Amino acid sequence: MKPQSVYQVSAVVAPVAEDAVTELLFTVFEEPSSAYVDLKKKLAIVSVYLPGRRRPTNKQIKQLEEGLVFIRECGLDVGSGEIHERFVKKAEWLENWKKHFTPLDIGGRLLIKPSWEKRKAAKGAHEIVLDPGVSFGTGHHATTGFCLEQLVALRDDGSKQSVLDIGTGSGILAIGAAKLGYGPIVAYDFNADSVRSARENCERNKVADSVRPTRKDLTRQSVDSVRKYHVVCANLIYDLLIAERERITNRVRPGGMLVLAGILETQFNKVRRAFADKGMKLIDSKVEGEWKSASFRWK
């Protein structure tokens with residue numbers, strides 16, 4: 001019988017620190033983490049759920065505390081950085097998510113919703129069913145939302161357009177691309193749990209025949225690439241975008257589009273210059289909260 005409760009470890013932080021703290025929790029506990037962001041209250045609750053009656057060790061809590069201090073020292077506003085621990089019944093855990101995870105419409109073409117939501121997509125739109133709390137990316141974060149908006153805007157119905165999704169997480173971008181008619185689609189992530197979750201989400205959304213997420217590390221791929229794509233999405237952390245800009249741009253076909261996200265507004269100019277040096281021209285950008293995302297065209 002599956003355990004009826006999970007142990008929740010949460011960090012209450014500023015929204016700008018959500019991605020960094022999500023990575024920190026995964027590093028410490030080796031379990032996928034999830035986040036609820038309340039922009040009105042200007043806070044994010046990032047949680048990891050440990051199965052059964054497994055409690056975190058003192059060493060893990062200390063690593064979490066030290067990690068939060070390090071993130072703050074790097075110049076990122078962590079906010080209160082409070083750490084909370086408690087047992088949560090699975091039923092309560094699901095009910096909490098039901099309160100916070102509402103359907104999301106992307107350009108009238110995609111409707112992202114949890115499995116318990118009864119709302120149907122409008123005529124001509126496609127549904128993506130994703131339950132939060134088990135994988136990275138539900139479309140509600142500003143960076144993921146921008147990437148989805150760009151996939152909608154860049155789709156030329158009736159034409160063949162390929163997509164590369166680097167750091168697929170929950171698989172939401174690849175699933176959205178498949179629903180919109182892109183193909184072929186390649187998606188990968190270095191995190192084994194994310195790949196497993198992405199594959200399950202592809203099965204649930206009936207796109208597994210066209211999307212098969214795999215486990216790959218961008219930093220270990222060849223710098224040059226024979227295969228080029230019409231659209232490349234890279235929703236990654238700022239440091240990785242800068243360090244791997246040559247590998248990323250070498251996968252965009254001439255005239256193709258590159259969609260970058262995961263960038264703080266204060267970091268954006270450095271990212272823009274780095275990719276401009278590789279031949280990418282800024283086409284569109286969007287600021288939402290502390291984040292600035294953008295699309296570029298290969299000159």
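The dialogue below goes from the overall fold to single residues.

Q: What kind of model is this, and how many helices and strands does the chain have?

A: The model is predicted. Its protein chain has nine helices and 14 strands.

Q: What share of the residues in the chain is buried?

A: A residue is called buried when its relative accessible area is under 20%. Of the 299 residues in the protein chain, 50% are buried.

Q: Which residues touch the most other members of the largest nonpolar core?

A: A nonpolar core is a set of buried residues joined through their side chains. The largest one here has 28 residues, and L151, Y182 and I185 touch the most other members. At least two residues each come from β6 (110-113), α4 (142-154), α5 (172-180), β9 (185-189), β11 (229-235) and β12 (252-261). The largest share, seven residues, comes from α5.

Q: Where is L151, and which residues does L151 touch?

A: L151 is found in helix α4. Its relative accessibility is 1%, so L151 counts as buried. Leaving out residues up to four places away in sequence, L151 touches V163, L173, A177, L180, Y182, V231 and C233. Take C233 as one case. L151 and C233 are 82 residues apart along the chain, yet their C-alpha atoms are separated by 9.0 Å.

Q: How many residues of α5 are buried?

A: Start with the general idea. An α-helix has 3.6 residues a turn, so residues three or four places apart point the same way. Now the case. α5 is mostly covered, with eight of its nine residues buried. These are I172, L173, A174, I175, G176, A177, A178 and L180. After α5 comes G181, with a positive phi near 100°.

Q: How can I check the length of a helix such as α1?

A: Count residues, then compare the expected span with the distance between the end C-alpha atoms. Helix α1 covers residues 18-29, which is twelve residues, and at 1.5 Å a residue it should span 16 Å. Its end C-alpha atoms are 16 Å apart, which agrees.

Q: Which residues of α1 are buried, and what follows this helix?

A: E18, V21, T22, L24, L25, F26, V28 and F29 are buried in α1. E30 follows α1 and has a positive phi, near 55°.

Q: Where else does a residue other than glycine have a positive phi?

A: K42 is one case, with phi near 55°. K42 sits in the loop between β2 (33-38) and β3 (43-51). With a relative accessible area of 66%, K42 is exposed. K206 is another case, with a positive phi of about 60°. The loop between α6 (192-204) and β10 (214-215) holds K206. K206 is exposed too, at a relative accessible area of 74%.

Q: How many aromatic pairs does the structure have?

A: A search of the whole structure finds two. Consider Y7 and F87. Their ring centres are 4.7 Å apart and their planes lie at 80°, so the pair is edge-to-face. The cut-off for that label is over 60 degrees. Y7 is in strand β1 (residues 5-13) and F87 is in strand β4 (residues 82-89), so the pair links distant parts of the chain, 80 residues apart.

Q: Are Y7 and F87 buried or partly exposed?

A: Y7 has 4% relative accessibility and counts as buried. F87 has 26% and counts as partly exposed.

Q: Which residue lies over the face of Y182?

A: R155 does, at 5.2 Å from the ring centre. Recall that Y182 is among the core residues with the most contacts to other members.

Q: Which peptide bond is cis?

A: Look at omega. The bond from G183 to P184 is cis, with omega near -5°. P184 is found in the loop between α5 and β9.

Notes. Residues numbered from 1 in each chain as written. Predicted model: local features only at pLDDT ≥ 70, side-chain atom pairs only at ≥ 80, totals over all residues. Heavy atoms only, no water. Core = buried A, V, L, I, M, F, W, Y, C linked by side-chain atoms within 4.5 Å. Buried < 20%, exposed > 50% of the residue type's maximum accessible area, 1.4 Å probe, protein only. Helix = DSSP H or I, 4+ residues; strand = E, 2+ residues; numbered from the N terminus. Expected span 1.5 Å × (residues − 1). Phe/Tyr/Trp six-rings, centres within 6.5 Å; stacked < 30°, edge-to-face > 60°. Lys NZ or Arg CZ within 6 Å of the ring centre and 35° of its normal. Contact = heavy atoms within 4.5 Å.
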